Amino acid sequence: MKNLVDQLASHFETFAKDAQAQVENGNKAAGARARKISLEIEKLLKQFRKDSIAAGK
């Protein structure tokens, strides 16, 4: 689960950087990267929820 949390932290950092570039500079490629990484974050968050529930039992 530690690995999963580390992956999430890394993805959040990447997302924040790309989203900021899109908002501040109108960088369309950064917006596409931010959208792509947001899908990965969603998958990882779902996996975290499953693992967290399993660890609590």
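Does His-11 count as buried or exposed, and at what relative accessibility? At 19% relative accessibility, His-11 counts as buried, where buried means under 20% relative accessible area, exposed over 50% and partly exposed in between, with a 1.4 Å probe and protein chains only. The model is predicted: local features need pLDDT of at least 70, side-chain atom pairs count only at pLDDT 80 or more, and totals for chains, interfaces and linings use all residues. Residues are numbered from 1 along each chain as its sequence is written, and side-chain values use heavy atoms, with hydrogens and water left out.

View 1. Helices are DSSP runs (H or I, at least four residues) numbered from the N terminus. Leaving aside neighbours within four places in sequence, His-11 is in contact (heavy atoms within 4.5 Å) with Ile-37, Glu-40, Ile-41 and Leu-44.

**View 2. Crossing of helix 1 and helix 2.** The axes of helix 1 (residues 2–25) and helix 2 (residues 28–56) come within 9 Å and cross at roughly 155°; axes are lines fitted to C-alpha atoms over the stretch in contact, and angles run from 0 to 180 degrees between N-to-C directions. Helix 1 is therefore roughly antiparallel to helix 2, a term for angles over 145 degrees. The crossing is left-handed, that is, the near helix is turned anticlockwise from the far one by less than a right angle. Residues of this contact divide into 14 nonpolar, six polar and five charged; Ala, Val, Leu, Ile, Met, Phe, Trp, Tyr, Cys and Pro count as nonpolar, Asp, Glu, Lys and Arg as charged, and the others, Gly among them, as polar.

**View 3. Helix 2 from its first C-alpha to its last.** The 29 residues of helix 2 reach 42 Å, close to the 42 Å expected at 1.5 Å a residue; the expected span is 1.5 Å times one less than the number of residues. Just after helix 1, Gly-26 takes a positive phi of about 70°.

**View 4. Lys-17 in helix 1.** Lys-17 counts as exposed, at 57% relative accessibility. Lys-17 and Arg-33 are 16 residues apart in sequence, and their C-alpha atoms are 9.9 Å apart in space.

Key. Helix = DSSP H or I, 4+ residues; strand = E, 2+ residues; numbered from the N terminus. Parallel < 35°, antiparallel > 145°, perpendicular 65-115°, else oblique.
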